[in-house]
Amino acid sequence: MVEYRIDRRSGVATYLQIVQQTKQALRLGLLEPGDKLPAAREVVEATAVNPNTVLKAYRELEREGLVEARRGLGTFVRRSLGTAPGDSPLRAELAEWAQRARAAGLVRDDVAAFFAAVLDEYFENTREEQR
């Protein structure tokens with residue numbers, strides 16, 4: 001099950017944070033087709049957000065064909081994203097790198113900038129091909 005963490009200082013709309021975190025869980029294989037998302041009430045209790053915000057996020061995920069609402073039963077995953085398992089050796093290598101970056105005194109925004117620059121460098125053509 002996914003546990004949502006809302007960063008109120010991020011500048012990203014709360015419902016989009018829920019959508020993004022759900023997609024990340026789908027990419028990492030933490031959520032798979034048939035899995036049930038937490039009930040909106042549970043997300044509200046855990047994050048102190050408005051119930052309509054959670055419902056808006058779930059509707060967006062449904063619009064994208066990732067989940068489906070089943071009346072009286074909840075919201076269920078329809079399809080996954082990506083193929084990277086959450087326990088991939090690449091994830092472990094990235095975690096080690098993040099530890100070294102933190103030990104070197106880098107803050108989250110520094111690490112994000114490094115990572116974004118590397119992604120842009122190595123996946124520039126991929127982004128253009130996906131358009």
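Author: Thr 22 has its place in helix H1 (residues 14–27), a helix being a DSSP run of H or I with at least four residues, and a strand a run of E with at least two, numbered from the N terminus. This is a predicted model, in which local features need pLDDT of at least 70, side-chain atom pairs count only at pLDDT 80 or more, and totals for chains, interfaces and linings use all residues. Residues are numbered from 1 along each chain as its sequence is written, and side-chain values use heavy atoms, with hydrogens and water left out.

Reader: Why is Thr 22 called buried?

Author: Buried means under 20% relative accessible area, exposed over 50% and partly exposed in between, with a 1.4 Å probe and protein chains only; Thr 22 has 0%, and is therefore buried.

Reader: What makes the link between the side chains of Thr 22 and Tyr 4 a polar contact?

Author: The term asks for a pair of N or O atoms within 3.5 Å, where within protein one must be able to donate a hydrogen and the other to accept it, and residues adjacent in sequence count only if both atoms are side-chain atoms. The side chains of Thr 22 and Tyr 4 are joined at 2.7 Å, so the pair meets that definition.

Reader: How do you know that strands S1 and S2 pair?

Author: Pairing requires that DSSP finds at least two bridges between two strands; S1 (residues 67–70) and S2 (residues 74–77) run antiparallel and are joined by 4 bridges, so they pair. Glu 68 stands opposite Phe 76 in S2, and in the hairpin, with 3 residues between the strands, Gly 72 takes a positive phi near 80°.
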